[in-house]
Amino acid sequence: MSEQTSSSATARSAKKPHGSLLANLAFNLIIPTLILTKLGKEDYLGPSWAIVVALAFPIGYGLRDFVKTREANVFSILGVISIALTGGISLMQLDPKYIAIKEAAIPGLIGLATLISQYTPYPLVKTFLFNDQIMQVDRITDAARERGTLPLLEQRLKVATYLVASSFFLSSVLNYLLAKWVLVSPPGTTAYTEELGKMTALSFPVIAIPSMVVMTISLVYLFVGIEKLTQLKLEDILQQH
């Protein structure tokens, strides 16, 4: 029995985590922003090459993370697609409105997929919130089943699904408005490249923070419901890492 416990602990410790928050911010936000805003001038890389070099960092980091963890992360894939589309639209010098549409489409599609998934055996809310990385799912489910409150827990998860989806729809709207507000210069110009960098830099405070607030509300709503329906304490609900 002790050998099994030791093997389980070893397996958990051997599982490679995704990159740190600092590394993610550096490669996906800070470095691309600096390249676009500081090196996009004709005296340095120029607009086109600045976009190519800037895109290389998040794409390269995303691929490295995938190879390292050996986990297919749908959101990392969407991120790479998003970056590739941004670069393609910019390099082909298409109208900036296509960037705005693309920026709005990706979180909007995730929100729509979240809503649709609740009618499938694999609801995405269990990927975002109700998962083994955050909560002791089996323990919660067993406790709700014993108390006869499992249907109420499922209902709680359904409402949480709407809240999670709303965070993506909010992000979609803010993405579109930010792109329309920032990208005003013709594609292929130094000004446009700098605006692309500005949009990337503003995306965190303008988009991520409001979306994170909504996601946090969803998580709190779910925690309160689980405590009430299972009579478990918070430390019994959360995973102990």
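Q: What makes a set of grid points a cavity?
A: A cavity is a set of points where a 1.4 Å probe fits but cannot get out. In this predicted model, the count comes to 1 cavity of 30 Å³ or more. The volume of the largest cavity is about 40 Å³.

Q: Which residues line the largest cavity?
A: The lining consists of P47, S48, I51, S90, L91, Q93, G188 and T193. These count as lining residues because each has an atom within 4 Å of a cavity point. Helices α3 (47-69) and α4 (74-91) each give at least two residues to the lining. The largest share, 3 residues, is that of α3.

Q: How do the residues of this lining divide into nonpolar, polar and charged?
A: There are 3 nonpolar residues, 5 polar ones and no charged ones.

Q: What is the secondary structure of the chain?
A: The chain has 10 helices and 0 strands. Read from the N terminus, the order is α-α-α-α-α-α-α-α-α-α. Of its 241 residues, 37% count as buried.

Q: Which residues make the nonpolar surface patch?
A: M92, L94, Y98, I101, V173, Y176 and L177 make a patch of about 660 Å². The elements that supply two or more of its residues are α5 (97-117) and α8 (150-182). Helix α8 gives the largest share, 3 residues.

Q: How many salt bridges does the structure hold?
A: The structure holds 2 salt bridges. One of them joins E103 and K102, and R145 also forms one with D142.

Q: Why is the contact of E103 with K102 called a salt bridge?
A: The closest N and O atoms of E103 and K102 are 2.4 Å apart. The cut-off is 4 Å between a side-chain nitrogen of Lys or Arg and a carboxyl oxygen of Asp or Glu, so the pair qualifies.

Q: Are E103 and K102 buried or exposed?
A: Buried means under 20% relative accessible area. E103 is at 16% and therefore counts as buried. K102, at 6%, is buried too.

Q: What makes R145 and D142 a salt bridge, and where do they lie?
A: Their closest N and O atoms are 3.1 Å apart, which is within 4 Å, so the contact counts as a salt bridge. Both residues lie in helix α7 (residues 137-147), 3 residues apart, about one turn of the helix. R145 has a relative accessible area of 48% and D142 one of 38%. Both values fall between 20% and 50%, so R145 and D142 are partly exposed.

Q: Is Q231 buried or exposed?
A: Q231 has a relative accessible area of 53%. Exposed means over 50%, so Q231 is exposed. Q231 sits in the loop between α9 (190-230) and α10 (234-237). Its C-alpha is 9.5 Å from that of I140, and the two residues are 91 apart in sequence.

Terms used:
Residues are numbered from 1 along each chain as its sequence is written. This is a predicted model: local features need pLDDT of at least 70, side-chain atom pairs count only at pLDDT 80 or more; totals for chains, interfaces and linings use all residues. Side-chain values use heavy atoms; hydrogens and water are left out. Patches are made of residues with over 30% relative accessible area and no salt bridge: like charges are joined within 9 Å, nonpolar side chains (Val, Leu, Ile, Met, Phe, Trp, Tyr) within 5 Å. Accessible areas come from the Shrake-Rupley method with a 1.4 Å probe; for residues, only the protein chains shown count as cover. Helices (H or I, at least four residues) and strands (E, at least two) are DSSP runs, numbered from the N terminus. On a 1 Å grid over the protein atoms alone, a cavity is a set of points where a 1.4 Å probe fits but cannot get out, and a pocket is an open set with protein on both sides within 12 Å along at least five of seven lines; lining residues have an atom within 4 Å of a point. Grid points are joined across faces, edges and corners, and a volume is the space filled by probe spheres set on the points. Ala, Val, Leu, Ile, Met, Phe, Trp, Tyr, Cys and Pro count as nonpolar, Asp, Glu, Lys and Arg as charged, and the others, Gly among them, as polar. Buried means under 20% relative accessible area, exposed over 50%, partly exposed in between (1.4 Å probe, protein chains only).
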